[in-house]
Amino acid sequence: MISVSNVSMRYGGKILFEDVNAAFLPGRRYGLTGPNGAGKSTFMKLLSGELEPQKGSVVRPKKIGVLRQDQFAFDAYRVVDTVIMGNLPLWRALEEREQLYAKTDLTDEDGMRLGELEGVVAEEDGYTAESDAAILLDGLDIPEPLHNRQMSELQGGQKVRVLLAQALFGHPEALLLDEPTNYLDLESIHWLQNFLTRYEGTLIVISHDRHFLNSVTTHTADIDYQTIITYPGGYDDMVLQKTQIRARIEAENAQREKKIAQLNEFIARFSAGTRASQVTSRKKEVERLQTTDLARSNIQRPFIRFEMKRPSGRHALEFKGVSRGYGDLKVIRDFSAAVQRGEKVALMGRNGAGKTTLLKALLANGPGVDDSDVGLDAGTVTWGHEVQIGYFAQDHRASIRNGTTVSEWLHDWDPQASKEEIRGLLGQMLFSGEEGMKPTDALSGGEAARLMFCKLMLQKPNVLVFDEPTNHLDLESINALNIALQKFEGTVLLVTHDEDLVDEVATRIWHFDHGNIEDFLGSYEEFSAVAAK
């Protein structure tokens, strides 16, 4: 069990949470939710012991698995050793044992120490450590040939999966996972979901993936109103309960205020008269009926609406024999398809399967696309009549020019737009007041993504091409994007690992699997049903 008592944290004048009391019990899986900046990662560091609370105390078990965020901390180690480090007592025993065995002459004291170390290794399942680590790595799509490589040789997404295996290794009594699905494809996310639902310890997880939270968590600890409130159920259950509780308190307050107004009217009318005892009793009732103070929620919800200046022709896109590779590696081979106006195509498959590569091949001669990284090796791509493309690249931050302000950068994309229109779009995406003058150099990942949405709403294209748009968004922004794409009347090409986004938006699936691309005409639910047979 993990428990916190009277814990408070604030930075400057900003209160993250105050006098929080909570218990996280074994066998329960908690989602830790709240908007960006609410203090989720700070609270997780308090639970792990990485930070000390400014007030209060935290009680935690001895063995905790923590997802490390520093991808470069283990570059000097083998992949399999990095995983085993998740059980620190075992790793230290293995290292010391190896040092002793490397000595040419062992003393009696060394022999005694080796016996102690062998006991630790046996107790911590050290004799099967490498095979146990390999099972975790295989499940997270780290193939066996990489297990003995140095961490420095792995790509960023692969490093994240190794660090996730590290957190899961050694049967920890509690797991603290901060954004474990970042950089994971859907198959890896499904594997992780199945693993975590079988986990018997205490799980606390931060995620911006609604489907993942609803699938895994049994309870939700929500950071809002400068405190943490725990609700039974997943994320959607929490939102419903939170809304109902808030509405009930507001309704009770309204009734109390009405009653207080009636009592005060009586007190004002008869306070100088002969009904002193009745006035006194009503004054006491006014004190008893004081309304419950409602702290202001720190949740902010953006409003995204994609409109079109004009629709495209009926045939939005047609391509034949498209191929693209890098050197001798052919990633896309001879793929052909036609996309009709209004179709919403989700590109799905394992990381590295070629989803981004295909998008960049199709955008090679896309109207209005000036990205230097697009192109194809073979085939033809024909965009339809009146097509206008809005492109959200995976590395979109590079397309936002530094040395200017948010407002000026946005205005550059449509010099005819009025200041009021620019200010309105920025306000919809939570750049309120002076935040419109924020330097583009200082944007966070989430702010850069929201600014790109502003650009697309300003340009009003009829074809939207999104490559991993949810990577830096909080749950409220992802939900807003989901609704906007459902309502958009134009054409969409979408790469994402957010299952709810695919499930609720896509009308067609391009599934990438071992060099082949399956073109499935239907929803993700229909695709999953066919794939399960």
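A pocket is taken here as an open set of grid points where a 1.4 Å probe fits, with protein on both sides within 12 Å along at least five of seven lines. I am working on a predicted model.

I looked up the second largest pocket and noted a volume of about 580 Å³. Its lining counts 23 residues, and Gly368, Asp370, Tyr391, Trp413 and Lys455 are the closest to the centre. I sorted the lining by class and got 11 nonpolar, six polar and six charged residues. Strand E14 (389-392) and helix H14 (445-459) each supply at least two residues of this lining. H14 gives the largest share, five residues.

Is lysine 360 buried or exposed? Its relative accessibility is 11%, so I list lysine 360 as buried, the cut-off being under 20%. Leaving out residues up to four places away in sequence, I recorded contacts of lysine 360 with Arg324, Asp373, Val374, Gly375 and Tyr391.

Entry 3, the sheet. I traced an open sheet of three strands in the order E11-E10-E13, with antiparallel pairing. From one strand to the next I noted an average twist of 15 degrees. Strand E10 (residues 315-326) is joined to E13 by five bridges. Lysine 320 has threonine 380 in E13 as its bridge partner. I then checked H11, which packs on the sheet and touches E10, E11 and E13. The direction of H11 makes about 120 degrees with that of E10.

Conventions. Residues numbered from 1 in each chain as written. Predicted model: local features only at pLDDT ≥ 70, side-chain atom pairs only at ≥ 80, totals over all residues. Heavy atoms only, no water. Buried < 20%, exposed > 50% of the residue type's maximum accessible area, 1.4 Å probe, protein only. Contact = heavy atoms within 4.5 Å. 1 Å grid on protein atoms, 1.4 Å probe; cavity = no way out; pocket = protein on both sides within 12 Å on 5 of 7 lines; lining within 4 Å. Points joined across faces, edges and corners; volume = space filled by probe spheres on them. Helix = DSSP H or I, 4+ residues; strand = E, 2+ residues; numbered from the N terminus. Nonpolar A, V, L, I, M, F, W, Y, C, P; charged D, E, K, R; others polar. Pairing = 2+ DSSP bridges. Axes fitted to C-alpha atoms, helices over the stretch in contact; angles between N-to-C directions.
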